[in-house]
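Dear colleague,

I am handing over the structure we spoke of, and below it I set out what was found. Please read the notes with the model open beside you.

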Amino acid sequence: MATLEQIVDDFLAQRRIAVAGVSSTEPNAPANLILRKLRDAGHEVFAVNPKVDTVEGGPCHPSLAAIPGGVDAVVAATPPAGTDAVVRECIELGVSRVWMHRSFGEGSVSSDAVQLAREHGIQVIDGACPMMYCAPVDFAHRCMRWVLGVTGGLPKGR
């Protein structure tokens with residue numbers, strides 16, 4: 001059984017990562033913040049939102065399938081119903097890693113999507129935020145990780 005840290009390290013070791021749920025009108029939306037953080041950390045990051053053409057100064061793709069060359073991993077920062085669709089597309093495309101964003105509250109985690117992903121061999125991080133782990137981690141995200149850790153709010157390893 002892999003620990004959460006091992007699963008996170010594997011996810012963040014991927015070069016090409018899509019972020020689903022970016023916004024063209026809310027630059028501080030979780031998906032946009034995650035997109036910038038991953039890009040600044042050296043990942044090749046792809047914005048995904050079917051209703052947007054550009055985000056954060058670059059192209060935005062209508063789907064995962066529209067990303068030239070595909071991706072190794074996906075962050076879902078969508079409403080839970082949108083996460084279901086993201087996981088179904090990951091299954092179709094053979095994407096084997098999905099991180100469902102959540103800090104406090106429901107976030108993007110969908111229990112149906114988690115179950116479906118695991119049934120298809122997709123490694124799932126069902127909660128937390130990549131910004132809690134992607135170095136360098138800012139003070140607020142270190143605190144958030146600590147609070148979620150002591151309150152049992154971090155996802156479990158698999």
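Leaving aside residues up to four places away in sequence, S110 touches P80, T83, D84 and M100, where contact means heavy atoms within 4.5 Å. S110 sits in the loop between strand 6 (97–100) and helix 4, and with 7% relative accessibility it counts as buried (under 20% relative accessible area, with a 1.4 Å probe and protein chains only).

Please bear in mind that this is a predicted model, in which local features need pLDDT of at least 70 and side-chain atom pairs count only at pLDDT 80 or more, while totals for chains, interfaces and linings use all residues. Residues are numbered from 1 along each chain as its sequence is written, and side-chain values use heavy atoms, with hydrogens and water left out.

The axes of helix 3 (residues 80–93) and helix 4 (residues 111–119) come within 8 Å and cross at roughly 10°, which makes helix 3 roughly parallel to helix 4 (angles under 35 degrees count as such; axes are lines fitted to C-alpha atoms, for helices over the stretch in contact, and angles run from 0 to 180 degrees between N-to-C directions). In this contact T83, D84, V87, R88 and I91 of helix 3 meet D112, A113, L116 and A117 of helix 4.

Helices (H or I, at least four residues) and strands (E, at least two) are DSSP runs, numbered from the N terminus. Seven strands form an open sheet of mixed pairing, in the order 3-4-2-1-5-6-7, where two strands pair if DSSP finds at least two bridges between them. Helix 4 lies across strand 6 and strand 7, running at about 160° to strand 7.

With kind regards

Terms used:
Parallel < 35°, antiparallel > 145°, perpendicular 65-115°, else oblique. Buried < 20%, exposed > 50% of the residue type's maximum accessible area, 1.4 Å probe, protein only.
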